[in-house]
Amino acid sequence: MKKLWKKISSAACSAVLCAGLAGGTAFAAEAPDGMAAYREAIAAPVATDTRVIHESLMFFGPSAELDLDFNMHSPSPDKMRVKGVVALYFSDKNGDPQEFSVPFYLDQAAEHLALYFKLQDKWEKYEAPLLASNLTDTLLTPTAEQVKEQLSYVKNVKLLKETDTQRTMLVQVDGKKLYKYLKAQEAKTNPPVSKEEQKAIATGFEYLDQALQASQIQYTWTVDKRDWQTDTLAINFTDLLQKLVSTALNDPKANMAKEVREVLENVAFYGELRSYTTALNPQNINSIEIPEEVLAAEPFTLPAPETTPETNKAAQ
């Protein structure tokens, strides 16, 4: 994956919230060796990463848990394959445990991306060439100018551990600069939308701006000094998530149903969101081969909306 994981670590929030990040004790003034160590790790040239990468994104709440868990392999900058599952665990109104899961595969080559997922014992296929194009750009090795831009998002670095073979750093991100980056990316990649959708997007970015400025944004990153590949990347999104939801709840213009507000209050007070990225060995590659029955899946299509004379007139 060449520099994919370096890009994730240097702009962690843009990769998921797009992203991360952790609350905790504020940074004290750090010696310059922390930033120098980070600069060396992020800018060092690396060979194509042949390992399988394991990713876990986990949300925890008082009565529900949502897990996104997958393995990923990228043999070249423009190819990637993913195998994973999205699982929801919750308690019903009687307090009995329930589970719902969706297995999936993702296959990307150059500008073509196919997502396969299983619903109700049937595999379906969704293709997204625009997303594939954006993903391909992410996978490419960043230029010196892009590395410089990535470094500008970092406010401070604390060197946690240094050995002959590994380096572990706690990286603090500048929320204001990260917001500007995310806003610019949204303007470049979003297709034309209706006025209502534009308003919703603008409101979402207002909430994100406030949350990023109020949150402690940081992540832990361990690299192998022998080849500068990522060993582990850990991001705690909890502080950012809670502040983002609280911002929406405190908006006097927000018109929320009582049930929605109760769910969001649970997230704002108790919700946790964490991400862990780890590297596996190359022998795991065969485990993410896509079976023939999955490749033969029929294209997924959204059901056509019901139309009436009134809706037809409004659409004209």
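# Briefing on a predicted model: helices, strands and their contacts

K122 is found in strand 6, which covers residues 122-127. The model is a predicted one.

- K122 counts as partly exposed because its relative accessibility is 41%, a value between the 20% limit for buried and the 50% limit for exposed residues.
- Leaving out residues up to four places away in sequence, K122 touches F117 and E298.
- The C-alpha atoms of K122 and E293 are separated by 9.9 Å, and these two residues are 171 residues apart along the chain.
- The loop between strand 5 (112-119) and strand 6 contains Q120, and D121 lies in the loop between these strands as well.
- Most residues other than glycine have a negative phi.
- Q120, although not a glycine, has a positive phi of about 50°.
- D121 is likewise not a glycine, and its phi is positive at about 65°.
- Q120 is exposed, because its relative accessible area is 80%.
- D121 has a relative accessible area of 74% and is therefore exposed.

**The buried side of helix 3**

- Helix 3 spans residues 33-43, and its buried residues include G34, M35, A37, Y38, A41 and I42.
- These residues cover an arc of only 160° around the axis, so they lie on the same side of helix 3.
- An α-helix has 3.6 residues a turn, so residues three or four places apart point the same way.

**The pairing of helices 8 and 9**

- The axes of helix 8 (residues 238-249) and helix 9 (residues 258-270) come within 8 Å of each other and cross at roughly 145°.
- The crossing in which helix 8 passes helix 9 is left-handed.
- On the side of helix 8, the contact is made by L241, Q242, V245, S246 and L249.
- Helix 9 contributes R261, L264, E265, V267, A268, F269 and Y270 to this contact.
- By type, the residues of the contact between helix 8 and helix 9 divide into eight nonpolar, two polar and two charged.

- I53 has its place in strand 1, which runs over residues 52-60.
- With a relative accessible area of 2%, I53 is buried.
- From C-alpha to C-alpha, I53 and A279 are 4.6 Å apart in space, while in sequence they are 226 residues apart.
- F60 also lies in strand 1.
- F60 is partly exposed, because its relative accessible area is 28%.
- The C-alpha atoms of F60 and L273 are separated by 6.5 Å, although the two residues are 213 residues apart along the chain.
- Not counting residues up to four places away in sequence, F60 touches E65, Y270, G271 and E272.
- One of these residues, Y270, is also among the residues through which helix 9 makes its contact with helix 8.

**Strand 8: the setting of T168**

- T168 is found in strand 8, made up of residues 166-173.
- T168 counts as buried because its relative accessibility is 14%, which is under the 20% limit.
- The side chain of T168 makes a polar contact of 2.8 Å with the side chain of T222.
- Apart from residues up to four places away in sequence, T168 touches K158, L159, L160 and K161, as well as T220, W221 and T222.

**Strand 9: the setting of D224**

- D224 is found in strand 9, which covers residues 218-224.
- D224 is buried, with a relative accessible area of 9%.
- The side chains of D224 and R226 are joined by a polar contact of 2.9 Å.
- When its neighbours within four places in sequence are left aside, D224 is in contact with T165, Q229 and D231.

Methods
Residues are numbered from 1 along each chain as its sequence is written. This is a predicted model: local features need pLDDT of at least 70, side-chain atom pairs count only at pLDDT 80 or more; totals for chains, interfaces and linings use all residues. Side-chain values use heavy atoms; hydrogens and water are left out. Buried means under 20% relative accessible area, exposed over 50%, partly exposed in between (1.4 Å probe, protein chains only). Helices (H or I, at least four residues) and strands (E, at least two) are DSSP runs, numbered from the N terminus. The arc is that of the directions from the helix axis to the C-beta atoms. A polar contact is a pair of N or O atoms within 3.5 Å; within protein, one must be able to donate a hydrogen and the other to accept it, and residues adjacent in sequence count only if both atoms are side-chain atoms. Contact means heavy atoms within 4.5 Å. Axes are lines fitted to C-alpha atoms, for helices over the stretch in contact, and angles run from 0 to 180 degrees between N-to-C directions. A crossing is left-handed if the near helix is turned anticlockwise from the far one by less than a right angle, and right-handed if clockwise. Ala, Val, Leu, Ile, Met, Phe, Trp, Tyr, Cys and Pro count as nonpolar, Asp, Glu, Lys and Arg as charged, and the others, Gly among them, as polar.
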